[in-house]
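Subject: Structure handover

Hello,

Below is the structure for your use. My notes on what was found in it follow.

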Amino acid sequence: MKTSFVFITVVTLGLLYAVSGRSSANDETALSHPAKPESPFACNAFALSPEVRKRHFEELGPALLKLKKSTHELPNGYEFELPADNKTYQLLTEWAFQERLCCPFFDIDLRLDRENGPLWLRLTGRPGTKEFIKEEFGI
């Protein structure tokens, strides 16, 4: 009986030690990896090289705005309808890749609807993104 009691006590203490060790490790992990800072709601045009910046702001952006067919308001951003042709898609993917560098707070989604439907650009993000889009895109 005494042996059983010692065995149960040792097992219980071992389990408590293991559980407390995990908790400690989790606390240390949380402390050693602080939350990732969020970028400000501002376009950092200098994230792009001078040549790319010129094309992005003077060619791609204006060309895509001219091609825009409609705008849909979303709870956290906007969705823009564009023609679903190869040239527009190429312009849009080039613009989106560059935009994510200068405005890293955007969630950027490109979608082609089935049955030869339209091409959509969806710009969304954390709270404040919608207001940024509204101001920057003149919506």
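How far is the sulfur of Cys102 from the closest cysteine sulfur, and in which residue is that sulfur? The closest one is in Cys43, at 3.8 Å, which is too far for a bond; a disulfide here is a pair of cysteine sulfur atoms within 2.5 Å. Cys103 is in no disulfide either, with the sulfur of Cys43 again the nearest, 3.9 Å away. The search over the whole structure returns 0 disulfides. Cys102 has a relative accessibility of 1% and counts as buried, and Cys103 is buried at 2%. Buried stands for under 20% relative accessible area, exposed for over 50%, and partly exposed for what lies in between, using a 1.4 Å probe and protein chains only.

On provenance: this is a predicted model, in which local features need pLDDT of at least 70 and side-chain atom pairs count only at pLDDT 80 or more, while totals for chains, interfaces and linings use all residues. Residues are numbered from 1 along each chain as its sequence is written, and side-chain values use heavy atoms, with hydrogens and water left out.

Overall layout

The protein has 4 helices and 4 strands, taken as DSSP runs numbered from the N terminus (helices H or I, at least four residues; strands E, at least two). Along the sequence they come in the order α-α-β-β-α-β-β-α. The protein has 139 residues, of which 26% count as buried. Among contacts with a sequence separation of 6 or more, 62% are between residues 24 or more positions apart; a contact means heavy atoms within 4.5 Å.

Helix H2

H2 covers residues 50-67, 18 residues in total. From first to last C-alpha the helix reaches 25 Å, close to the expected 26 Å, where the expectation is 1.5 Å times one less than the number of residues. H2 also bends, by about 35° at His56; the bend is the angle between axes fitted to the seven residues ending at a position and the seven starting there.

His56 is buried too, as are Leu60, Gly61 and Leu64 in H2. The buried residues of this helix pack against strand E2 (77-82) and helix H3 (86-102). Gln98 belongs to H3 and is itself buried, with a relative accessible area of 9%. Leaving out residues up to four places away in sequence, Gln98 touches Leu48, Val52, His56 and Leu60.

A salt bridge is counted when a side-chain nitrogen of Lys or Arg is within 4 Å of a carboxyl oxygen of Asp or Glu. An α-helix has 3.6 residues a turn, so residues three or four places apart point the same way. Lys54 is partly exposed at 46% relative accessible area, and Glu58 is exposed at 52%.

Strands E3 and E4

Strands E3 (residues 106-112) and E4 (residues 119-125) run antiparallel and are joined by 7 bridges; strands count as paired if DSSP finds at least two bridges between them. Ile108 stands opposite Leu123 in E4. The two strands form a hairpin with 6 residues between them, and Glu115 in that turn has a positive phi of about 55°.

Salt bridges around Glu79

The structure holds 8 salt bridges. What does Glu79 pair with, and at what N to O distance? One partner is Arg111, at 2.8 Å. Arg111 lies in strand E3 and Glu79 in strand E2, so this pair ties together parts 32 residues apart in sequence. Arg111 is partly exposed, with a relative accessible area of 34%, whereas Glu79 is buried at 7%.

Glu79 also forms a salt bridge with Arg122, where the closest N and O atoms are 3.2 Å apart. Because Arg122 lies in strand E4, this second pair ties E2 to a part 43 residues away in sequence. Arg122 is partly exposed at 29%. Through shared partners, salt bridges join Glu79, Arg111, Asp113 and Arg122 into one network.

Regards
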